Amino acid sequence: MADCIFCRIAAHEAPATIRYEDGDAVAFDDLGRRAPLHVLVIPRRHVASLAEADAATIGAVGAAAARVARDAGYAERGYRVVTNVGPEAGQSVPHLHFHVLAGRQLGWPPG
Ligand code: AMP
């Protein structure tokens, strides 16, 4: 989608610090970092949210999220993967993204 910032990042048309990419998924640093590691993992193909994603897309994004956390050294310490769906959850970008957060003690439940 031409006016989607995450589509433009996936196409390398908008700036981002990309940590990992493959044919299905792209992972890049969140601009508003909330933890020492805060990466967003998105599907290349535009999907508005988890609610509209198929199993293959969710699998590709989930596997990329685990890989990013492992490659950053957080496999043992632990990390959180979260996706916001819709306004009450605070989804601000309508392109599916998994937040990968690590590097500090993460509170539960999230706010
Ligand atoms: P959410 O509120 O769950 O939809 O998360 C959207 C996230 O995207 C926020 O954490 C923003 O900081 C992040 N974000 C928005 N625009 C960009 C961008 N151009 N590059 C990197 N992260 C972004």
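**Pocket, ligand and strands**

Mentor: At least two residues of the lining of the largest pocket come from each of helix H1 (5-10), E2, E3, strand E4 (80-82) and strand E5 (98-102). Helices (H or I, at least four residues) and strands (E, at least two) are DSSP runs, numbered from the N terminus. This is a predicted model, in which local features need pLDDT of at least 70 and side-chain atom pairs count only at pLDDT 80 or more, while totals for chains, interfaces and linings use all residues. Residues are numbered from 1 along each chain as its sequence is written, and side-chain values use heavy atoms, with hydrogens and water left out.

Trainee: Which element supplies the largest share of that lining?
Mentor: H1 does, with 3 residues.

Trainee: What is the volume of the largest pocket?
Mentor: The volume is about 730 Å³. On a 1 Å grid over the protein atoms alone, a pocket is an open set of points where a 1.4 Å probe fits, with protein on both sides within 12 Å along at least five of seven lines, and lining residues have an atom within 4 Å of a point. Grid points are joined across faces, edges and corners, and the volume is the space filled by probe spheres set on the points.

Trainee: How do the lining residues divide into nonpolar, polar and charged?
Mentor: There are 13 nonpolar, 11 polar and 5 charged residues. Here Ala, Val, Leu, Ile, Met, Phe, Trp, Tyr, Cys and Pro count as nonpolar, Asp, Glu, Lys and Arg as charged, and the others, Gly among them, as polar.

Trainee: Now the ligand: which residues come nearest?
Mentor: Asp30, Asn84, Ser92, His97 and His99 do, of the 16 residues around the ligand, where a residue counts if one of its heavy atoms lies within 4 Å.

Trainee: What lies 2.5 Å from an oxygen atom of the ligand?
Mentor: That is a polar side-chain atom of Asp30. An N or O atom in the side chain of His99 is 2.8 Å from a ligand oxygen, and a polar backbone atom of Val93 is 3.3 Å from a ligand oxygen. A polar contact here is a pair of N or O atoms within 3.5 Å.

Trainee: On to the strands. In which sense do E1 and E2 pair?
Mentor: Strand E1 (residues 18-21) and E2 pair in the antiparallel sense over 3 bridges, two strands being paired if DSSP finds at least two bridges between them. They form a hairpin with 3 residues between them. Ile18 has Phe28 as its bridge partner in E2, and Glu21 has Val26.

Trainee: And how many bridges join E2 and E3?
Mentor: There are 5, again in the antiparallel sense, with E3 covering residues 37-43. Asp29 has Val39 as its bridge partner in E3.

Trainee: How many residues of E2 are buried?
Mentor: In E2 (residues 25-29), 4 of the 5 residues are buried, meaning under 20% relative accessible area (1.4 Å probe, protein chains only).

Trainee: Lastly, where is His95 found?
Mentor: His95 is in the loop between E4 and E5. It is buried because its relative accessible area is 0%. The C-alpha atoms of His95 and His46 are separated by 6.1 Å, although these residues are 49 apart along the chain.

Notes
Buried means under 20% relative accessible area, exposed over 50%, partly exposed in between (1.4 Å probe, protein chains only). A polar contact is a pair of N or O atoms within 3.5 Å; within protein, one must be able to donate a hydrogen and the other to accept it, and residues adjacent in sequence count only if both atoms are side-chain atoms.
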